[in-house]
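Colleague: I am new to this structure and would like to learn how to read it step by step. Could we look at it together?

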Amino acid sequence: MYLLNRQQRHVVNSTWMIVSLMLVALLPFFLFLGLYLKSFLLLYDYNIFDLIFSREWRPSAGKFGFYPFIVGSIWVTLVAMLISAPVCLLTAIYVTQYTKKRFLRVMHPAIDILAGIPSVVYGVWGLLVIVPFISRYLGPFFGVKTMGYSILAASFVLSIMIIPFVLNILIEIFRAIPMELKEAALSLGATQWQTVKHVLMRKALPGIIAAFGFGLARAFGETMAVLMVVGNVVKLPKSLFDPGYTLPALIANNYGEMLSIPRYDSALMFAALILLAVSLFFNLVMHFFIVKFNKY
Amino acid sequence: MKLIAKIEEKFFKVLMILSTYFILAILALIIYSIFEKGVKSISWEMLTTIPSGGYYYGKGGGILNAILGSLFLAFGATLLAFIIGLPVALYINVFLVKYKKAVNLIRFILDLVWGIPSIVYGAFGFSLMIFIGLQTSLLAGILTVTLFILPIMIRSMDEILRTVPIGLMEASYSLGSNKSETAFKIFTRQSVSGIITAVLLSFGRAIGDAASVLFTAGYTDNVPNSLMEPVATLPLSIFFQLASPVPEVQNRAYASALVLTLIILIVSLFTRGLGKRYHKTKINF
């Protein structure tokens with residue numbers, strides 16, 4: 001029935017497993033190495049600090065300044081997080097502490113669907129709803145003339161996109177807190193909100209920080225949805241209503257022409273390398289917060 | 001003082017309820033606006049034909065190339081990721097079960113890789129493609145997307161496999177089976193439903209992601225006949241159609257977005273439904 005005997009099959013299967021494992025475990029190193037080698041051409045000719053802090057972006061003239069893109073990315077990410085964080089935290093507390101288990105059963109599919117919606121669809125939604133809303137209502141309300149394609153639009157779309165991600169982690173965190181802690185606080189006469197504020201929040205703090213950190217890292221690398229609503233103008237944004245440009249959008253927008261201009265492809269790979277480094281760094285740091293949360 | 005505390009109590013409770021229903025309302029709004037815009041311009045022709053000449057100026061044709069392309073790409077990538085992913089998940093939970101530190105390290109690396117943005121995979125896939133001398137093609141797209149969904153698939157399988165009780169493994173050993181038999185015959189069967197969930201989850205990710213295939217899959221108006229031909233994908237076709245100044249083409253983009261959303265919703269429905277089935281082979285403790 002089998003081509004090989006048991007022992008041979010064991011050897012084949014084990015080898016297959018170990019090879020796959022090695023491939024996966026070394027993936028981050030491969031990614032880093034591949035992108036580094038590709039951007040080496042650029043790093044060889046330019047000082048890395050000049051690249052990051054210079055403002056001029058004219059690839060055809062050999063000027064590669066990533067500063068506007070980095071600033072754009074940071075703006076979009078931070079504002080998205082500012083919108084998203086309180087909503088996620090309050091919702092996580094509500095569904096874990098205030099409602100019955102049944103409510104969570106309604107909430108979970110909703111979160112899953114939000115998480116499953118592709119980034120392009122979020123972008124389409126942003127174009128249909130958020131961009132007109134900003135240009136027609138929000139802009140005039142603040143006395144600003146805007147097309148709607150702006151840092152704010154991107155931040156808002158992004159803040160919705162990271163909700164399922166952050167919320168899931170927060171719910172896990174709050175559910176992991178032992179019941180006794182809550183019961184002890186309540187039995188001492190604390191109200192429910194006092195318990196949440198003084199006991200649960202304090203206990204969960206490292207976990208909450210980690211959840212927000214993971215959310216930040218996620219938002220920083222988001223491409224398509226941001227690309228569609230941020231406006232894509234290479235300029236330092238002065239207000240939330242200004243259009244901007246982000247690092248992922250830079251890569252996605254210029255892949256077509258990158259082979260026609262010298263060092264352009266290197267520059268785009270360098271942008272990817274920055275994204276990779278930021279993502280790895282954030283996830284690493286946040287991992288230690290999670291470890292800290294689990295410890296005590 | 002007491003009054004203030006009471007007001008604070010109420011205030012935050014109201015705030016919490018508001019933010020919870022805000023999330024549900026936003027979800028409803030997204031689905032509603034995609035459906036409302038999409039239903040108007042969707043047609044049978046659009047789903048069953050490939051773009052004809054002048055499609056991007058508002059002439060006839062459809063997005064069959066993108067629908068099929070996305071399905072091919074997602075199927076290929078999911079299959080490949082399954083072939084690499086299942087052994088890894090099994091290896092962690094059967095072979096390495098005694099080495100807690102090693103397991104934790106691997107899980108940590110997987111979580112790191114999971115967090116890497118898909119555009120980075122796209123850029124890496126592109127340099128990999130040039131390195132091994134591939135053109136933009138279905139194959140290059142599949143390879144890139146495989147790398148992208150691999151951590152998602154392994155981690156979700158791992159979450160299920162780690163719940164398999166140690167007693168089952170001991171029973172299997174005591175009957176004389178070796179480690180790989182225990183892994184492939186006992187552990188996989190015990191967690192079939194979870195593995196299906198993991199596969200469908202990865203499939204959904206693979207079909208919806210655009211940034212990773214932007215560089216590698218290329219774009220074409222035809223349905224690819226081989227792995228070496230470029231392939232269109234739904235997210236990219238939405239993106240390109242939206243960039244057109246012609247309103248009809250933009251409307252088709254909305255319809256395409258509806259198609260993509262429907263596919264995703266169906267997949268996630270299956271994920272919920274199938275996850276609960278397949279208890280036949282499962283031993284309950």
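Modeller: Let us begin with secondary structure: helices (H or I, at least four residues) and strands (E, at least two) are DSSP runs, numbered from the N terminus. Chain B, read in this way, comes to 11 helices and 0 strands, and along the sequence its pattern is α-α-α-α-α-α-α-α-α-α-α. Please keep in mind that this is a predicted model, in which local features need pLDDT of at least 70 and side-chain atom pairs count only at pLDDT 80 or more, while totals for chains, interfaces and linings use all residues. Residues are numbered from 1 along each chain as its sequence is written, and chains are lettered from A and ligands numbered from 1 in the order in which they are written.

Colleague: How many helices and strands are there in chain A?

Modeller: Chain A has 12 helices and 2 strands, and from the N terminus its elements run α-α-α-β-β-α-α-α-α-α-α-α-α-α.

Colleague: What share of each chain counts as buried?

Modeller: A residue is buried if 20 or more other C-beta atoms, placed from the backbone, lie within 10 Å of its own. By that count, 48% of the 296 residues of chain A are buried, and for chain B the share is 46% of 285 residues.

Colleague: How many residues does each chain bring to the contact between them?

Modeller: Two residues are in contact if their C-beta atoms, placed from the backbone, lie within 7 Å. Chain B brings 62 residues and chain A brings 64 residues. On the side of chain B that touches chain A, helix α1 (residues 2-41) of chain B gives the most, with 17 residues. That side of chain B divides into 44 nonpolar (Ala, Val, Leu, Ile, Met, Phe, Trp, Tyr, Cys and Pro), 12 polar (the others, Gly among them) and 6 charged residues (Asp, Glu, Lys and Arg).

Colleague: At what angle do helix α3 and helix α8 of chain B pack?

Modeller: Axes are lines fitted to C-alpha atoms, for helices over the stretch in contact, and angles run from 0 to 180 degrees between N-to-C directions. Helix α3 (residues 64-95) and helix α8 (residues 179-190) of chain B pack at about 115°, with their axes 10 Å apart.

Colleague: Which residues meet there?

Modeller: From α3(B) come B:Leu90, B:Asn93, B:Val94 and B:Phe95, and these meet B:Lys179, B:Thr182, B:Ala183, B:Phe184 and B:Phe187 in α8(B). The residues of this contact between α3(B) and α8(B) divide into 6 nonpolar, 2 polar and 1 charged.

Conventions: A residue is buried if 20 or more other C-beta atoms lie within 10 Å of its own, exposed if 12 or fewer, and partly exposed in between; C-beta atoms are placed from the backbone.
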